[in-house]
Amino acid sequence: MRRVLWRPMRIVYVVGTRPNFVKTAPVIGALRTRLPEGRHAIVHTGQHYDRLMSEIFLEELGVPAPDHMLEVGSGSHAQQTALVMERLAPVLEEERPDLVVVPGDVNSTLAAALTAAKLQVPVAHIESGLRSFDRTMPEELNRIVTDQLSDYLFLHSDEAIENLRAEGIAAERMHFVGNTMIDTLVALEARFRAAGTARRLGVEPGRYALVTLHRPALVDGPLLPETIERLAALAREIPVVFPVHPRTREMMEEVQAKHPGLQLCEPLGYVDFLSLLADAGLVLTDSGGIQEETTYLGIPCFTLRDNTERPVTVKAGTNTLLGLDPAAITGIPAALAEHPPEPPEPPPLWDGRAAERIADVVAGLEES
Ligand code: UD1
């Protein structure tokens with residue numbers, strides 16, 4: 001690491017959306033412990049800003065209050081990306097970090113990586129190397145560019161190694177450390193196992209479907225009304241609990257979707273959400289993180305997408321890709337009967353210690 005005079009390391013963590021907080025919290029914790037003299041500055045871009053999408057997560061995860069709030073809010077992809085860049089640059093000039101840490105694949109991730117790289121600040125990418133090979137997904141573009149720009153690529157599954165190699169990324173930049181989202185799950189396990197959220201919502205553990213949907217391909221277009229109809233039909237066989245992302249809520253109101261029998265609720269805090277996930281009979285989702293959490297917990301997951309950047313979850317046997325086809329929801333009860341009865345072993349290094357491994361690499365930079 002190029003530093004003229006020795007000084008304690010200065011790290012800036014840039015987070016902006018709900019899953020970012022979950023992926024980064026254990027890394028901030030591990031690095032603060034390992035480098036107590038260092039500066040650990042948290043930047044919240046404000047891509048997610050509702051209390052239920054943001055503060056509640058930071059509080060539950062024990063993340064200190066952010067040092068800088070960029071308050072970019074919602075907007076087009078271009079606006080959101082540009083605003084993060086414009087507002088982050090002066091923060092990086094002021095903080096003069098030795099490393100900028102970015103998680104995942106959202107617009108804030110790409111914007112932060114690009115801003116740091118242009119200022120010649122080294123970038124570390126948590127959850128590097130995932131690929132859906134579908135460039136119509138904004139997240140895929142964010143992943144490809146962020147990985148190209150990053151100096152330290154922290155991989156959560158071994159599939160990423162081949163994906164990155166195929167894009168010409170040198171092995172020296174890759175560090176296979178495991179899944180930091182699972183670190184958070186493991187750290188919260190005692191709390192979510194005791195939370196009893198299912199009963200509080202009036203459903204029996206093991207006997208309900210948990211649904212989350214928020215991707216533009218599904219909720220911003222013509223597929224949404226049929227999806228809701230099919231879910232209502234599923235709800236005649238098994239109770240369906242559906243915490244609704246604000247984007248989905250807005251679109252449901254726009255198309256005036258009727259949802260008889262569905263138990264809709266506001267987005268949940270993380271402990272409540274994990275409690276519902278762990279007790280679910282099945283999960284239907286288009287989220288990336290939930291495919292991973294169900295794999296770790298051994299819960300059958302049905303993913304309403306044509307592809308996944310997390311094939312490791314399909315290989316594990318918990319995740320079934322239904323395709324981007326609401327009609328496939330009808331087949332879920334039959335498919336459930338085919339699911340392996342025993343939960344599989346989690347993928348390699350999904351063991352609650354990924355952030356420690358990241359801290360090993362980063363602390364090693366201070367010494368070098
Ligand atoms: C973003 C990420 C997606 C990630 C998801 C997690 C990108 C391109 N997408 O999608 O990869 O899986 O976060 O949730 O970065 N809204 C609110 N309050 C909020 C946040 C959003 O009302 O706190 C509404 C707004 O109407 C906004 C819409 O949700 O326009 C979409 O928000 P945005 O951050 O653009 O994308 P997400 O769909 O959340």
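## The largest pocket

The largest pocket has a volume of about 1,200 Å³. Here, a pocket is an open set of points on a 1 Å grid over the protein atoms alone, with protein on both sides within 12 Å along at least five of seven lines. Grid points are joined across faces, edges and corners, and a volume is the space filled by probe spheres set on the points.

Which residues lie nearest the centre of this pocket? They are Thr17, His48, Met53, His214 and His245, out of 48 lining residues; a lining residue has an atom within 4 Å of a point. Among the elements that give two or more residues to this lining are α1 (18-34), α5 (138-149) and α14 (289-297). Helices are DSSP runs of H or I with at least four residues, and strands are runs of E with at least two, numbered from the N terminus.

## About the model

This is a predicted model, in which local features need pLDDT of at least 70, side-chain atom pairs count only at pLDDT 80 or more, and totals for chains, interfaces and linings use all residues. Residues are numbered from 1 along each chain as its sequence is written, and side-chain values use heavy atoms, leaving out hydrogens and water.

## The ligand and its shell

Where is the ligand? It sits in the largest pocket, meaning that more than half of its atoms lie within 2 Å of the pocket's grid points. Around the ligand are 18 residues, and the closest are Gln47, His48, Tyr49, Glu139 and Arg247; a residue counts as near if one of its heavy atoms lies within 4 Å. Helix α12 (246-254) gives the most to this shell, with three residues.

Polar contacts are pairs of N or O atoms within 3.5 Å. An oxygen atom of the ligand is 2.6 Å from a side-chain N or O atom of Glu139, and for Gln47 the distance is 2.8 Å. Glu250 has such a side-chain atom 2.9 Å from a ligand oxygen. The protein covers 88% of the 750 Å² of accessible area that the ligand has on its own, by the Shrake-Rupley method with a 1.4 Å probe.

The largest cavity has a volume of about 40 Å³. A cavity is a set of grid points where a 1.4 Å probe fits but cannot get out. Its lining includes Lys23, Ile126, Glu127 and His156, and β5 (123-128) and α7 (180-187) each supply at least two residues.

Note on methods:
A polar contact is a pair of N or O atoms within 3.5 Å; within protein, one must be able to donate a hydrogen and the other to accept it, and residues adjacent in sequence count only if both atoms are side-chain atoms.
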